[in-house]
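Here's a walk through one protein model with a ligand in it. Have the sequence and the 3D view open side by side as you read.

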Amino acid sequence: MATIFSKIIAGEIPSYKVAEDENYYAFLDINPLAKGHTLVVPKKEVDYIFDLDDETLAGMNVFAKGVAHKIRSYSGCKKVAMVVLGLEVPHAHIHLIPMNSEKDVDFGAEKLKLSPEEFAQIAQAISEAK
Ligand code: 5GP
């Protein structure tokens with residue numbers, strides 16, 4: 001059965017898209033730690049990131065780099081944290097999280113509650129950022 005992220009990539013489940021190319025897809029995490037918290041996933045459905053073939057793993061990092069530049073430009077944060085963590089969705093993903101302090105990357109912290117309009121505005125702003 002396709003993962004929820006494969007359904008998002010296929011457009012069967014809506015998402016707030018930030019960037020896409022032929023191999024990768026980036027979209028806002030629905031339970032964000034910060035405005036701009038983004039997930040980068042390969043279109044190829046593989047559960048564990050270190051089971052990806054070398055080319056896909058390397059390309060995913062390069063794709064994430066471009067998205068991180070956009071997130072930083074949008075948010076004005078000091079840096080963008082890149083985190084691989086989680087067991088919930090069996091589809092490899094990188095979390096990109098705007099960060100001004102290490103405390104901003106606490107997965108035990110309460111998540112932000114954003115309206116659909118806010119999510120849409122953030123996704124558009126990041127996708128248009130340089
Ligand atoms: P993890 O496997 O990293 O624990 O969890 C997957 C991440 O994907 C979580 O941060 C969760 O909020 C996010 N997530 C799970 N389901 C969806 C969804 O349907 N849409 C979006 N945008 N994010 C999701």
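Let's start with S73, which is partly exposed because its relative accessible area is 44%. For that label, buried means under 20% relative accessible area, exposed means over 50%, and partly exposed is in between (1.4 Å probe, protein chains only). S73 sits in helix 2; helices here are DSSP runs of H or I with at least four residues, strands are runs of E with at least two, and both are numbered from the N terminus. Across the fold, S73 and E128 are 55 residues apart in sequence, while their C-alpha atoms are 9.9 Å apart in space.

Before going on, a word on what you're looking at: this is a predicted model, where local features need pLDDT of at least 70 and side-chain atom pairs count only at pLDDT 80 or more, while totals for chains, interfaces and linings use all residues. Residues are numbered from 1 along each chain as its sequence is written, and side-chain values use heavy atoms, with hydrogens and water left out.

From E55 to K79 is 24 residues in sequence and 26 Å in space, C-alpha to C-alpha. M60 also lies in helix 2, but M60 is buried, with a relative accessible area of 0%. M60 and K44 are 16 residues apart in sequence, and 11 Å separates their C-alpha atoms.

**Around H91**

Is H91 buried or exposed? H91 counts as buried because its relative accessibility is 0%. You'll find H91 in the loop between strand 4 (79–83) and strand 5 (94–99). The side chain of H91 is joined to that of T3 by a polar contact of 2.7 Å. Such a contact is a pair of N or O atoms within 3.5 Å; within protein, one must be able to donate a hydrogen and the other to accept it, and residues adjacent in sequence count only if both atoms are side-chain atoms. A2 is in the segment before helix 1 and counts as partly exposed because its relative accessibility is 37%. A2 and H91 are 89 residues apart in sequence, yet 9.4 Å apart in space, C-alpha to C-alpha.

**The ligand**

Now for the ligand. It is surrounded by 16 residues, and the closest are L28, D29, N31, L85 and H93; to count, a residue needs a heavy atom within 4 Å of the molecule.

| Protein side | Ligand atom | Distance |
|---|---|---|
| L28, backbone N or O | nitrogen | 2.9 Å |
| D29, polar side-chain atom | oxygen | 2.5 Å |
| N31, side-chain N or O | oxygen | 2.8 Å |

On its own the ligand has 510 Å² of accessible area, and the protein covers 85% of that (Shrake-Rupley method, 1.4 Å probe). Which elements give two or more residues to the shell around the ligand? They are helix 1 (4–9) and strand 2 (24–28). Helix 1 supplies the largest share, 3 residues. By type, the shell divides into 10 nonpolar, 4 polar and 2 charged residues. Here Ala, Val, Leu, Ile, Met, Phe, Trp, Tyr, Cys and Pro count as nonpolar, Asp, Glu, Lys and Arg as charged, and the others, Gly among them, as polar.
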